[in-house]
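Thank you all for coming; I would like to take a few minutes to go through one model with you, starting with its charges and ending with a group of rings. Please have a look at it before I go on.

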Amino acid sequence: MGKITGFLEFDRKIEAYEPVEERLKDYKEFTIPLPEKEMKEQGARCMDCGIPFCHSGCPLGNLIPDFNDAVYRSKWEKASEILHSTNNFPEFTGRLCPAPCEEACVLGINEDPVTIENIEKNIVETAFKKGWITAKPPLNKTGKKVAVVGSGPAGLATAQQLNRAGHDVTVFERDEKPGGLMRYGIPDFKMEKNVIDRRLDVLKEEGITFKCGVHIGVDIKADTLKEEYDAIVLTGGATIRRNLPIEGSDLKGVVQAMDFLGQNNRRVDGIKDLGEEIKATGKDVVVIGGGDTGSDCIGTSFRHGATSVSNFEIMPMATTERPEGQPWPFWPMRLRTSSSHKEGAERFFSISTKKFIGDADGNLKGLITSEVEWINIPGQRPQLKEVPGTEKEWKCELALLALGFTGSENTVASQLGLEMDARTNIKASENDYKTNVAGVFAAGDQRRGQSLIVWAISEGRQAAHHVDKYLMGETALPLKGEGDLPRV
């Protein structure tokens, strides 16, 4: 695949960033695309490796060597067809996925891996620019009605696949617009929302109905939905946020990351009625949590004009190299530095927040931390231990809790009598995505727990296969790695 000697001739190159002082002026994406010649050279780096382990690294089973080869040979339309055969929304994954495929790249054993994610993004952007991505409504209709609850990547993938099978699909979304956390969690500087709207236009033209501002379980009871539809697919996500139950957590200025990010995305979208304003302007900000959500809070705080931004992570600082216990091709827990980190944040590791400090009016003014260490005991989970004498007080007017999610909201599940697991996810078999109630399926974070966008799309595609089989007795919708079949 690619050029036989390409990995020897060309170094890895990724998109450059606009200077920090320029990109902080607005919320637009700030990557600078590579010239087409250099993109072809990146495709040429894909080795004829015999067994492409990138396939196993990708939850979608994307045909990565095939589209890399097409890019190298300037066959961009063919590359788009290959890419879309396994991935409904490469413009989303090409911006937001952490690229487990690249960690599994054979070239990555002893060299820099192929820039798979960036190639993916350039393929789909070229396809939109050239007009190759058009609506493809089903040729025949089945008369079956399916309700998809939740319009994140899992819900959108489910909906498109089932619509392709000829079913009448309605997507219900409780927020103002479709997209889930992609719209109201991911900052615009990582993915502008016209990228979502562009794809939604295609889905609507294909025949999918979207009903926004409708909270299933509240505005419409779940049993009513079950009476009106032949199948229901729950793709609402894992949205219960993890709290920090320490003294002072109720102070004004201690804010959940998703409240902060969601409000800002609505502000950027031009929505005026946002309730009580949450802004970092002129404040010393502490972001508690070292993952992607924490990184998004950092970048957003700098764009607000924060005085300073510190990032706390309770885990030790990881190495930039693969840890010994996480060999290729497995996903390594290595230190990752995002573009937001590079905008001026100071990062602190092995640190635990013990107490929030407020003023007489209940406003956050500081917090107290201590250093911690992790004690490894054979046969047991690592234990957290505070390091004596390391308490420190920090000035802080805004603390953003980016601590992840603990599971799924269960209003709909309880109304339908669905079984839940210990993590409050809906119990649904990975073999067929069925719940314990006939005709009700679950996919994405609501089934597997908080995970990656690429897993959400994969789950949506897999679930659609099994829903179609349940409704029709057979299905032409593909499973992972099979690629899409002709329209029915």
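Predicted model: local features only at pLDDT ≥ 70, side-chain atom pairs only at ≥ 80, totals over all residues.

For the charges, Lys and Arg count as positive and Asp and Glu as negative, while His and the chain ends are not counted, and each charge is placed at NZ of Lys, CZ of Arg, CG of Asp or CD of Glu. On that basis the protein has 62 positive and 73 negative side chains, and the centres of the two sets lie 2 Å apart.

Residues are numbered from 1 along each chain as its sequence is written, and side-chain values use heavy atoms, with hydrogens and water left out.

Along its principal axes, the C-alpha trace spans about 70 × 60 × 50 Å. Of the 488 residues, 51% count as buried, meaning under 20% relative accessible area with a 1.4 Å probe and protein chains only, where over 50% is exposed and anything in between is partly exposed.

Turning to the rings, a search of the whole structure finds 9 aromatic pairs, that is, rings of Phe, Tyr and Trp (its six-membered ring) with centres within 6.5 Å, called stacked if the planes are under 30 degrees apart, edge-to-face if over 60 and tilted for the rest. Tyr17 and Phe30 form an edge-to-face pair, 5.4 Å centre to centre with 85 degrees between the planes. Tyr17 is partly exposed at 38% relative accessible area, whereas Phe30 is buried at 4%. Ring pairs link Tyr17, Phe30 and Phe189 into a cluster.
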